[in-house]
Amino acid sequence: MNRDEYFLKEAIKQAKKAGAIGDVPIGCVIVFEDKIIARGYNRRNKDKSTLSHAEIIAIKKACKKLGDWRLEDCTMYITLEPCPMCAGAIVQSRIKKTVLGAMNPKAGCAGSIINILQTNGFNHKTEVELISGPLQNECSGMLTAFFKSLRQSKS
């Protein structure tokens with residue numbers, strides 16, 4: 001298993017925590033100097049807050065850990081391509097590399113709908129190195145199973 005797969009597996013563990021509390025299973029970890037410094041998982045339903053996305057939670061924790069809002073030497077591992085809010089937060093926090101498990105054709109902003117992570121023109125360099133595809137089947141399968149279960153429980 002390579003480095004990206006290892007840390008993405010850690011993000012998958014976080015996603016499973018979200019699923020266990022009834023939230024969409026999306027997880028995230030932030031790595032600095034080959035160590036996980038922050039973890040987050042989707043808690044929108046649990047917290048009743050649109051801001052409780054895995055990435056936002058992890059970014060807040062990483063900033064606190066490093067004592068800075070700039071996460072320039074960090075890599076973020078996410079089980080699902082970020083939404084517009086989270087993609088903007090990744091750019092604003094200066095994260096240099098993002099690894100995605102699964103793409104999100106309906107709301108993804110790292111290439112599916114638009115690519116906020118690699119848009120030029122902001123007041124700082126925004127070219128985030130982007131890797132997608134490691135563990136794609138595992139990440140997308142987790143989401144498919146969650147939504148299938150949700151549909152079955154409503155019928």
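Analyst: One definition to begin with: a residue counts as buried when its relative accessible area is under 20%, as exposed when over 50%, and as partly exposed in between. Also keep in mind that this is a predicted model.

User: OK. Which residue does UniProt list for "active site"?
Analyst: The UniProt record, an unreviewed entry, lists Glu-55 under "active site". In the model, Glu-55 sits in helix H3.

User: Is Glu-55 buried or exposed?
Analyst: Buried, because its relative accessibility is 3%, and the cut-off for buried is under 20%.

User: What is Glu-55 in contact with?
Analyst: Setting aside neighbours within four places in sequence, Glu-55 contacts Cys-28, Met-76, Ile-78, Leu-80, Pro-82 and Cys-86.

User: Why give an angle and a distance?
Analyst: Two packed helices are described by the angle between their axes and the distance between those axes.

User: Which residues meet there?
Analyst: From H3, Glu-55, Ile-56 and Ile-59; from H4, Met-85, Cys-86, Ala-89, Ile-90 and Ser-93. By class, the residues in this contact of H3 with H4 are six nonpolar, one polar and one charged.

User: Which residues in H4 are buried?
Analyst: Cys-86, Ala-87, Ala-89, Ile-90, Val-91 and Ser-93 are buried in H4. Their cover includes H3, E3 and strand E4, which spans 97–102.

User: You mentioned E3. Where is Cys-74?
Analyst: Cys-74 is in strand E3, which runs over residues 74–80. Cys-74 counts as buried because its relative accessibility is 0%.

User: And what does Cys-74 touch?
Analyst: Not counting residues up to four places away in sequence, Cys-74 touches Ile-30, Val-31, Phe-32, Ile-37, Leu-66, Ile-95, Lys-96 and Lys-97. Take Ile-30: Cys-74 and Ile-30 are 44 residues apart along the chain, and their C-alpha atoms are separated by 6.5 Å.

User: Fine. Where is Arg-94 found?
Analyst: In the loop between H4 and E4, just after H4. Arg-94 counts as partly exposed because its relative accessible area is 22%.

User: What about Glu-33?
Analyst: Glu-33 is not a glycine, yet its phi is positive, at about 50°. Glu-33 lies in the loop between strand E1 (27–32) and strand E2 (35–41). Glu-33 counts as exposed because its relative accessibility is 62%.

User: Now the H1 and H5 pair. How far apart are their axes?
Analyst: The axes are 11 Å apart, and helix H1 (residues 3–20) packs with helix H5 (residues 136–154) at an angle of about 5°. So H1 is roughly parallel to H5.

User: Which residues in H1 and H5 meet?
Analyst: Lys-9, Ile-12, Ala-15 and Lys-16 of H1 meet Glu-138, Cys-139 and Met-142 of H5. The contact of H1 with H5 has four nonpolar, no polar and three charged residues.

User: Last one: Gln-14, buried or exposed?
Analyst: Gln-14, which lies in H1, counts as buried because its relative accessibility is 5%. Apart from neighbours within four places in sequence, Gln-14 is in contact with Gly-27, Cys-28, Val-29, Arg-39, Gly-40 and Tyr-41.

Key
Residues numbered from 1 in each chain as written. Predicted model: local features only at pLDDT ≥ 70, side-chain atom pairs only at ≥ 80, totals over all residues. Heavy atoms only, no water. Contact = heavy atoms within 4.5 Å. Helix = DSSP H or I, 4+ residues; strand = E, 2+ residues; numbered from the N terminus. Nonpolar A, V, L, I, M, F, W, Y, C, P; charged D, E, K, R; others polar. UniProt positions renumbered as here; feature names shortened; annotations may be inferred. Buried < 20%, exposed > 50% of the residue type's maximum accessible area, 1.4 Å probe, protein only. Axes fitted to C-alpha atoms, helices over the stretch in contact; angles between N-to-C directions. Parallel < 35°, antiparallel > 145°, perpendicular 65-115°, else oblique.
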